[in-house]
Amino acid sequence: MGYIDKSFTVNIIPHDATRSRKEWIVSGRKLVVFRFFAVLIFLVVATAVVVLSVGTAEFTRTAELKAVNSLLSDSLSAARELNIRLDEIELELQEIRDTRSVIENLATAGVTGGYPE
């Protein structure tokens, strides 16, 4: 049986014909280091995917909370408008009560003075 070459070659060929082609042969210790870094990069990417998926769930929860917050803010605005309207109505009612009191005072003042003949 023959020897199986476990190395590989990396070729970088530029689009510009004036630049030189680069070639690296990865074998032996370089291949072990390359595999280590490849596994490390894979683990980092897998961890990033997990973190992003958990983060996406958190963003979804945040979006739901923002929607509830917006709804509550709208409710608060409506309640404030109603409160302002109620205050205005209360002021108008107070003016009506004051006017009625003046009218009643005038009416009773005319009755107690007697009838002119």
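Start with the rings: the model holds two aromatic pairs. Two values are quoted because a pair of aromatic rings is described by the distance of the centres and the angle of the planes. Rings of Phe, Tyr and Trp (its six-membered ring) pair if their centres lie within 6.5 Å; planes under 30 degrees apart are stacked, over 60 edge-to-face, and the rest tilted.

This is a predicted model, in which local features need pLDDT of at least 70, side-chain atom pairs count only at pLDDT 80 or more, and totals for chains, interfaces and linings use all residues. Residues are numbered from 1 along each chain as its sequence is written, and side-chain values use heavy atoms, with hydrogens and water left out.

**Stop 1: around the ring pair**

Phe 36 counts as exposed, at 52% relative accessibility. Phe 37 counts as partly exposed, at 43%. The classes are buried under 20% relative accessible area, exposed over 50%, and partly exposed in between (1.4 Å probe, protein chains only).

Now extend the selection to Val 33, Leu 40, Ile 41, Val 44, Val 45 and Val 49. Together with Phe 36 and Phe 37 they make a nonpolar surface patch of about 740 Å². Patch residues have over 30% relative accessible area and no salt bridge; nonpolar side chains (Val, Leu, Ile, Met, Phe, Trp, Tyr) are joined within 5 Å, like charges within 9 Å. Accessible areas come from the Shrake-Rupley method with a 1.4 Å probe, and for residues only the protein chains shown count as cover.

Click Val 44. Which element holds Val 44? Val 44 sits in helix α1, residues 29–112. Helices (H or I, at least four residues) and strands (E, at least two) are DSSP runs, numbered from the N terminus.

**Stop 2: the negative patch**

Select Asp 87, Glu 88, Glu 92, Glu 95 and Asp 98. These residues form a negative surface patch. Asp and Glu count as negative, Lys and Arg as positive; His and the chain ends are not counted. Each charge is placed at NZ of Lys, CZ of Arg, CG of Asp or CD of Glu. Pick Glu 88 as one member: it lies in helix α1. Glu 88 counts as partly exposed, at 46% relative accessibility.

**Stop 3: salt bridges**

How many salt bridges does a search of the whole structure find? It finds three. The criterion is a side-chain nitrogen of Lys or Arg within 4 Å of a carboxyl oxygen of Asp or Glu.

Take Arg 97 and Glu 90. Their side chains meet in a salt bridge at 3.5 Å, N to O. Arg 97 is partly exposed at 43% relative accessible area, and Glu 90 is partly exposed at 41%.

Next, select Glu 104 and Arg 100. Their salt bridge spans 3.1 Å, N to O. Glu 104 and Arg 100 are separated by about one helical turn, because they are four residues apart in helix α1. Glu 104 counts as partly exposed at 41%; Arg 100 counts as exposed at 55%.

**Stop 4: the loop**

Go to Arg 21, in the loop between β1 (8–12) and β2 (22–26). Arg 21 forms a salt bridge with Glu 23; the closest N and O atoms are 2.6 Å apart. Arg 21 is exposed, with 52% relative accessible area, whereas Glu 23 is partly exposed, with 42%.

Arg 21 and Asn 11 are 10 residues apart along the chain, and their C-alpha atoms are separated by 7.3 Å.
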